[in-house]
Amino acid sequence: MSRPTDLVQGTLDLLLLKVLALEPLHGWAIAQRLASMSNDQLKVSQGSLYPALHKLEQHGWIEAEWASSENNRRAKFYQLTKAGRRALENETAEWERLSSAISMVVRRA
Amino acid sequence: MRWHKTLLLRLRTLFLRATVEKEMDEELRFHLDHLIAHYLKAGHSPAQARRLALIDMGGPAQAREEIRDTRGLGAWDALTRDVRFAARSLRHSRGFATATVTSLALGLTLLGTTSAIVDAYLIRPLPAEHADRLFHVWYSGAPGQVEPARLSALDWSAVSDVIEVADSSIFARYVLSESGATQELVGLQVAQASLGALGLNASLGRTLRSDDFAGGDMPVVIGNRLWRDQFAADPGVIGRPLRVTAASSGAPLTFHVAGVLPPGFRYVREFSRPELDLVLPYRERGRVYMVRLREGVSAATAQERINTLVRNTSEVVLTANWPGVRLESVHDRYVSPIRPTLTSAWLASACVLLIVAANITILMLLRSLRRQREVAVRLALGAGTAHLVRAVVTEAALVCGAALLIAMTLSTWLLSRLTPEIEQSLGRAIPGGSSSPVGWAFTGAMASGAVVVMIAMSLIAFFAMRRTRAGGLTSAARAASDRPGVRWMRAGLITLEIAGSIALLAGCGLMVRTALALVAVDLGFTTAGVMRTRVALPVDGTDQSRLDFFTRLQDGVRSRPGADIAFANWTLFSEAARPQDVDIDGHPTSPARAAVTAVSDGYTSVLQVAVVAGRAFTPADALGAPPVALVSDTLARRLWPDGAAIGQRLRGSDRSQAGEPLGPWRTIVGVVGDVRQTPEDEDLADVYVPLLQVPTQYASVMIRSKEPAQTWLRDLRQSVSRIEPRAIVGAPTSLDLERDRMLSSRRLLAGLLTGLAVFASLLTVVGVYGVTAHGARQREGETALRLALGATPAQIVRLFLGDTAKMLAAGAGIGLAGATLVGQSLKSLLHHVEASDPLTVMTTIAGVLIVALLAAWVPVRRTSRLQPGRLLRDL
């Protein structure tokens, strides 16, 4: 199991944005979706998840709304804003640049 | 769009805290419940599922804290905690809090108030369009000298590339005779060219328009005061006729009221004159006495162009050696007499704030040193430097914020109360109106003062704290005597306080001595019991009719017991009469310079001017009698040191217009005592001619009477209207009051400086006392040892005072330099006192040093009297 501290710095933001790009979700669902999308390779504890979500909200990249969840409980749903979409594009490009650079180094070594 | 959403989010976090926290908890609980359900589904018991879920969650409290930090709540909490802590710590040291907040509030109030006044007078423009580009045009070298003739022929359109507006508006006097009372009105005839330049507007009806200059009915915009007094503030006044007589021609005129001026409207060229009664169009071509330069044009350029214009206009008759025109900024001229007063007051208040800051810094330093143990404990318990710095800054911010708040309230109140009195003392209206001083300069000066003090307080506290940090708990516990750094800083601050106090006290001493000298100056005449007014005769009168008027009025007044009357063509205390050239028959130093005044024979008796030799004027020295003159003692001694003045002949040789014939030769019949027409009149060479030989249209009337002012004024008005119904009698005033008014701006400054100096000295005493007391306490152990080893208390006192004396000596040195600077800045205001008057400066230095030594002696003496045994035990 990979803990978020093992993630490359700043990638949690990118992952959260990516997950939310598909549809609005609440915190629990985000964690589940992240796990399933990574074949259970990435698990984020709520201790990292919620501060990160609130930080993205402060940045204006995502916005939150209270709505009913699938089991009829009040839950806080997050969704991407326009600025968030732009940020996602930038972060993705940045990630691709970085990861290819890293793999280039790793393979050559 | 993004930033405002973020702002909303932050505001919500800040102001709907409870809701935000509740939502946070709800969100985390939702997650926890899902996690529990997840483990239940995997087959765990409820208790186990819950335990596993909580482990997974990694401590909800920690998550909550992290979210709070992300949302900025953590910082807010820390801030409120710091503020609470600082408030509590200040409450515990009430003496410190009260002393700092009060002294800082007073210092800031002084700075704010003086800054507001300085800004209102010296920085903000006069109320007219582009007033910063308005300039007076002086056509003669000095005021009062002869101007070229026919200047109204100048074609100003020829210089329109540098001059935007050429203003030929002129004052005109009118007489309003309604319901039996005669009243003089001051009108301004506004030139069409300056219509948009004088800041003209109407609070009721309309102001002047360009079609008013074409001809036809004469519209008039009346002054607010006239509207209230004469028309009972009737809004229906518009369109009503106003019948007056022109004071210059005696012609009856009918104006139609077109509008009412706002209260306090003045002509920008003569802003120190009272508000206008009438504003009306000037339909003739007149001399231009004020211009507005085009943007970017320098006064020197404009001056050059106007000179060329004057020289190239053939109609203009130039005087011999015409010096050319001179431009002078209208604003500068308005404020130049009060500039030294205002800048000195501002500098003094800034100096006081500096002393306040030094004093507060000293108090803060002493307090921090006293708290070393507390700081050491907090550091030992793991408080970070950042935390301690925050605590210190918060404490300083609280003190300064409280002081700023008090200062703002206090000075706003002060300004609203004092502005009318300041205007009167300075003899000038505030350009933007009495309510205008509160503005950016006011707030800015106070806020920046507070910030500077706050920074100083924080730095000094941090400095003291860093030492504790370096020394750790042990050295703090031992309360070791202060290290050189702290001692130097303390000594420096005390030196600064001493120096500032000396500079302020020296300035105050110079101003007080000036005020006293001016009050004590021998004017050469008695003001007590003399009332003064003014009388204006019709313009169409002849010399003979005026002579008859003055003679009959004089006889009437003198028929009453104990009453006497005098006339003069110059008003005492307005300003000193200007000297002019006087031809002395057959004298080598002819022409001499002397002020020539026409006075009636009552002048010497009413004002009790001494007759040194010969005789005074008599009623017989009138038209038709041989021309005579009196000279002042100074002039007589200057021209005839052997005392042979009587019988010599002289005549005035200045002409007011080119080509005017000179007056007759006059025989000197008497020498009278020197008279100062104002307390500052230094030119005591005077020539008097009998008013009854040159009867003037206007005269200053002085009356000495035992009856109350109201009675004789009523009688005077009655006598005047019996003799000449068209004559106008002005408002009365007493010479004593006039004399006081001449000195009021000096008195204001002397009073203010005295207040400031006393305040500063008190602060210095507190500072010196505090520092010495602290030092004495620090060195109690050393003192005890010395006492135990046989030192006498007197030796201990000498030892301590020796240290203090070093600081005082340095302070006195810097203070001497400061006092010299202050003296230079006050120079133009001083009278009968040198700017670096050694007596004042030395007395001040000695006084400050003695008081400071006393302040140091009290705590030192206490320490030296302590029992060495007890002291040593307490260590």
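Colleague: Which residue lies over the face of Tyr334(B)?

Modeller: This is a predicted model, in which local features need pLDDT of at least 70, side-chain atom pairs count only at pLDDT 80 or more, and totals for chains, interfaces and linings use all residues. Side-chain values use heavy atoms, without hydrogens and water; residues are numbered from 1 along each chain as its sequence is written, and chains are lettered from A and ligands numbered from 1 in the order in which they are written. A charge sits over a ring if NZ of Lys or CZ of Arg is within 6 Å of the ring centre and within 35 degrees of the ring normal. At 5.5 Å from the ring centre of Tyr334(B), the residue is Arg428(B).

Colleague: Which residue lies over the face of Phe271(B)?

Modeller: The ring of Phe271(B) has an arginine over its face. At 5.9 Å from the ring centre, this residue is Arg266(B).

Colleague: How many aromatic pairs does a search of the whole structure find?

Modeller: Rings of Phe, Tyr and Trp (its six-membered ring) pair if their centres lie within 6.5 Å; planes under 30 degrees apart count as stacked, over 60 as edge-to-face and the rest as tilted. Over all chains, the number of aromatic pairs found is seven.

Colleague: What is the angle between the planes of Tyr174(B) and Phe255(B)?

Modeller: The two rings form an edge-to-face pair, 5.6 Å centre to centre. Tyr174(B) belongs to strand β3 and Phe255(B) to strand β8 of chain B, 81 residues apart; strands are DSSP runs (E, at least two residues), as helices are (H or I, at least four), numbered from the N terminus. The angle between the planes is 85°.

Colleague: Why does Phe549(B) count as buried?

Modeller: Buried means under 20% relative accessible area, exposed over 50%, and partly exposed in between (1.4 Å probe, protein chains only). Phe549(B) counts as buried because its relative accessibility is 3%.

Colleague: Which residues form one aromatic cluster with Phe549(B)?

Modeller: Phe549(B) makes an edge-to-face pair with Phe550(B), at 5.6 Å centre to centre and 75° between the planes. The cluster holds Phe549(B) together with Phe550(B) and Phe567(B).

Colleague: How far away from Cys351(B) is the nearest cysteine sulfur?

Modeller: A disulfide is a pair of cysteine sulfur atoms within 2.5 Å, and the search over all chains finds zero disulfides. Cys351(B) is in no disulfide; the nearest cysteine sulfur is that of Cys508(B), at 12 Å.

Colleague: Which residue with a positive phi follows α2(A)?

Modeller: The buried residues of helix α2 (residues 27-37) of chain A include Trp28(A), Ile30(A) and Leu34(A). With a phi near 55°, the residue that follows α2(A) is Asn39(A).
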